[in-house]
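Subject: Structure handover

Hello,

Please keep the two together when you file them.

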Amino acid sequence: MNDLELLPVGFIASYVFILGLCVGSFLNVVILRGLSKEDIVFSRSKCPKCNNQLKWYMNIPLLSYIFLRGKCAFCKCKISIQYPIVELLCGLIFLFIYFSFGLSLKMLFLWIIFFLFIAMSVTDIKEMVIIDIHAYILCVVGLLYSFLNLGDINIIQSLIGAFFGFVVMEALANIGKLLCGCRMFGEGDSLIALGLGAIFGYKSFIIVLALSILIQSICAIPILSYNSFKDKKNKLGVSYALVFVSIIALILNNVIELIENELCYLSLVIFISIILIWALINILSEIKNKKNLIAKNEEVKFNLLPFGPAMLIASTICIFYLPQIKSFILNYIS
Ligand SMILES: [Zn+2]
């Protein structure tokens, strides 16, 4: 038994939480300076609006934001809500990983992995960019994670996974380019997939990807549907929503089967088929429409949402619950 195990759990937990908040504070700096390409270590924190250097007590994670009521102490301009959110998220995730895996090497690696996950999600949501170095570090950390046998796969599977993840995303992106003249996913998404493939291996990466698409659909429906209703020509959002409804209906057919009402089951299948055909026609006409616009050199706006955050949320779920998800899928198939 080592000395740390003698300490009360609450004591270690509060240390882990405070450490998470501080790391979150550093993470904000990494994100901000990554986007503005500044030096991370050698310049001190400044207010981005008035350039005044912050005093130490204005730099306390979470607390400073609360005491300053979200405003800069010098110029009273608003401080972005991103700062406290990232700090709190980092603190909570550090705590959750500690409770899930205890004080261990695995915990340390997962802390680093989630540090990178949050960094990439924020840059993707804020400016739709993934900073290359974040993705490369994720890939190296993922390979090391497997090399040290901390995950479920060995180093060879990890290497294959990284290659597979990158190639699959590039292939999907280019299929989109062939169909409608615009990459379906950004270059950054392929880089994220490189790292995720290294962490999960190719088999589980497929599950992560499927879950990402599901999460993306759930988030995209309200936004894309709203855009479609505003812009009558754009039916893509509605189609997207309908496809999603059909998938949910297909999952619910388990429930219907329990009722064992054949007529009910048959009408559901017909209903879903009609919806899917209608959605497909809409999507095809939308693609044709975009192609015409590109041919006329008009500016084409695809209502794309960043896919990176969906992938990273799916990965988060899979890191903690992959066995449960696998057994759910197996149950569903059989
Ligand atoms: Zn200021």
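Helix H4 has 20 residues and spans 28 Å from its first C-alpha to its last, close to the 28 Å expected at 1.5 Å a residue. Keep in mind that this is a predicted model. H4 covers residues 82–101, and just after H4 comes Gly102, with a positive phi of about 70°.

The buried residues of H4 include Tyr83, Pro84, Val86, Glu87 and Cys90, along with Gly91, Ile93, Phe94, Ile97 and Tyr98. Among the elements that cover them are helix H2 (9–36), helix H3 (63–67) and H5.

H5 (residues 105–127): the axes of H4 and H5 come within 10 Å and cross at roughly 155°. That angle is over 145 degrees, so H4 is roughly antiparallel to H5. The crossing is right-handed. On the H4 side the contact includes Val86, Cys90, Ile93, Phe94, Ile97 and Tyr98; on the H5 side, Leu110, Trp111, Phe114 and Ile118 are among the residues involved. By type, the contact of H4 with H5 has 14 nonpolar residues, 1 polar and 1 charged.

H2: this helix packs on H4 at an angle of about 140°, with the axes 7 Å apart. H2 and H4 are therefore oblique to each other. H2 also passes H4 in a right-handed crossing. Residues of H2 in the contact include Ala13, Phe17, Gly20, Gly24 and Asn28, and those of H4 include Tyr83, Glu87, Gly91 and Leu95. The contact of H2 with H4 divides into 15 nonpolar, 5 polar and 1 charged.

Regards

Conventions: Residues numbered from 1 in each chain as written. Predicted model: local features only at pLDDT ≥ 70, side-chain atom pairs only at ≥ 80, totals over all residues. Axes fitted to C-alpha atoms, helices over the stretch in contact; angles between N-to-C directions. Helix = DSSP H or I, 4+ residues; strand = E, 2+ residues; numbered from the N terminus. Parallel < 35°, antiparallel > 145°, perpendicular 65-115°, else oblique. Left-handed = near helix turned anticlockwise from the far one by under 90°. Contact = placed C-beta atoms within 7 Å. Nonpolar A, V, L, I, M, F, W, Y, C, P; charged D, E, K, R; others polar. Expected span 1.5 Å × (residues − 1). Buried ≥ 20, exposed ≤ 12 C-beta atoms within 10 Å, placed from the backbone.
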